[in-house]
Amino acid sequence: MQTDSFLRFHHAGDVTVKPGRRLGPRRIHDYELVYFPKSTRTLYTSAGVTYALDSPFALITRPGETHDYNFDPAIPTRHLFVHFDFVTDGIRQRYPKLLLEGAAPATVADGSLVPQLMKQLLYSFHHRPARWQSMAEMLLLTVMEEMEGSLEPDSGHLDPRAIPPQIANALQYIDTHANETIEVEQLAKMAGWSHEHFTRTFQRHVGHSPKEWMTKRRIGLAAQLLLQRSDSVKQIARAAGFADEYYFHRLFRRMMGMTATEYRRKYGDPRLREMAPPDDWGRFYPLNHIFILRSADKE
């Protein structure tokens with residue numbers, strides 16, 4: 001172990017558990033950071049309080065804290081986790097809210113760094129590149145910085161945890177079906193609201209109208225595909241759900257500040273064609289695999 005380490009890593013993994021499984025009640029001897037990348041019906045109980053993990057969440061369980069998980073009864077639940085300890089009290093004291101017993105899970109909002117940071121952590125644990133320990137420490141501490149910040153009051157920004165579940169579900173549906181034609185009326189019916197009420201509520205919480213947001217996500221998908229595939233721009237436009245190639249060109253240039261061809265030329269890298277789609281991380285490290293880093297019992 002490096003003498004200047006901040007953290008001791010014990011084990012980590014990216015696993016998917018069967019529907020209806022229960023874990024606990026249990027106590028652990030170290031800290032556990034868990035990230036749930038998708039909305040589920042999983043329930044997490046800590047310090048006598050139960051939280052519904054009905055949107056992407058990250059949470060930390062502290063040593064000796066009694067807790068349990070009741071995983072989604074209907075579908076498999078995927079989660080990424082890391083077990084660790086602090087080497088010095090100074091680092092631990094940076095996170096007074098996050099490390100308080102019974103602290104609420106932190107919502108992983110759109111634009112969060114947590115998904116990529118957690119993915120990179122598991123990649124580092126699997127491949128063990130040079131200086132992997134120090135890199136992994138910085139990655140995990142960055143996750144904790146974001147989580148601590150999400151627990152601090154910020155009157156200048158809307159608390160993402162205040163987003164109604166109807167809007168959160170609509171956002172998830174749009175992400176999953178970004179390359180398909182989606183009508184606002186369809187989303188409103190799914191929410192159980194009128195078209196007008198859904199549109200007003202969506203605009204208030206997301207900052208864009210439903211149609212603007214769907215367009216934004218489509219162009220974002222097209223931008224990813226331009227870098228990941230060698231298909232023609234016309235094929236990329238169709239894969240992203242644009243039937244009119246000329247409309248796609250105009251829209252892409254307006255939103256991205258350059259043409260699709262210029263975007264690919266500027267940001268393209270052959271290595272990106274081997275990257276997995278955002279919801280499929282299996283190429284980066286083995287799934288349903290535990291990386292043993294250090295035995296907590298030997299500390």
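What you see is a predicted model, in which local features need pLDDT of at least 70 and side-chain atom pairs count only at pLDDT 80 or more, whereas totals for chains, interfaces and linings use all residues. Residues are numbered from 1 along each chain as its sequence is written, and side-chain values use heavy atoms, with hydrogens and water left out.

The protein chain has ten helices and ten strands, where helices (H or I, at least four residues) and strands (E, at least two) are DSSP runs numbered from the N terminus. Of the 299 residues in the protein chain, 42% are buried, and buried here means under 20% relative accessible area, with exposed being over 50% and partly exposed in between, for a 1.4 Å probe and protein chains only. If we take contacts in the protein chain between residues at least 6 apart in sequence, 75% of them join residues at least 24 apart, a contact being heavy atoms within 4.5 Å.

Let me turn to the sheet, which is open, has four strands in the order β2-β7-β4-β5, and pairs in the antiparallel sense; two strands pair if DSSP finds at least two bridges between them. Its edge strands are β2 and β5 (49-52), each of which pairs on one side only, and the twist averages 15° from one strand to the next. Strand β2 (residues 22-26) is joined to β7 (residues 67-70) over three bridges, with arginine 22 opposite asparagine 70 in β7. Four bridges join β4 (residues 43-46) to β7, and here the bridge partner of leucine 43 is asparagine 70. On to β5: β4 pairs with β5 over four bridges, and serine 46 stands opposite valine 49.

Axes are lines fitted to C-alpha atoms, for helices over the stretch in contact, and angles run from 0 to 180 degrees between N-to-C directions.

Which residues in α7 meet α9? They are Thr215, Lys216, Ile219, Ala222, Ala223 and Leu226, and they meet Phe248, Leu251, Phe252, Met255 and Met256 in α9.

As for the length of α7, its 19 residues should span 27 Å at 1.5 Å a residue, and its end C-alpha atoms are 27 Å apart, which agrees; the expected span is 1.5 Å times one less than the number of residues. The buried residues of α7 include Trp213, Arg218 and Leu226, and what covers the buried residues of α7 includes α4 (165-176), α5 (184-191), α6 (195-206), α8 (233-239), α9 and α10 (260-267).

Not counting residues up to four places away in sequence, phenylalanine 248 touches Ile219, Ala222, Val233, Ala237, Phe242 and Ala260. Phenylalanine 248 and arginine 218 are 30 residues apart in sequence and 9.9 Å apart in space, C-alpha to C-alpha.
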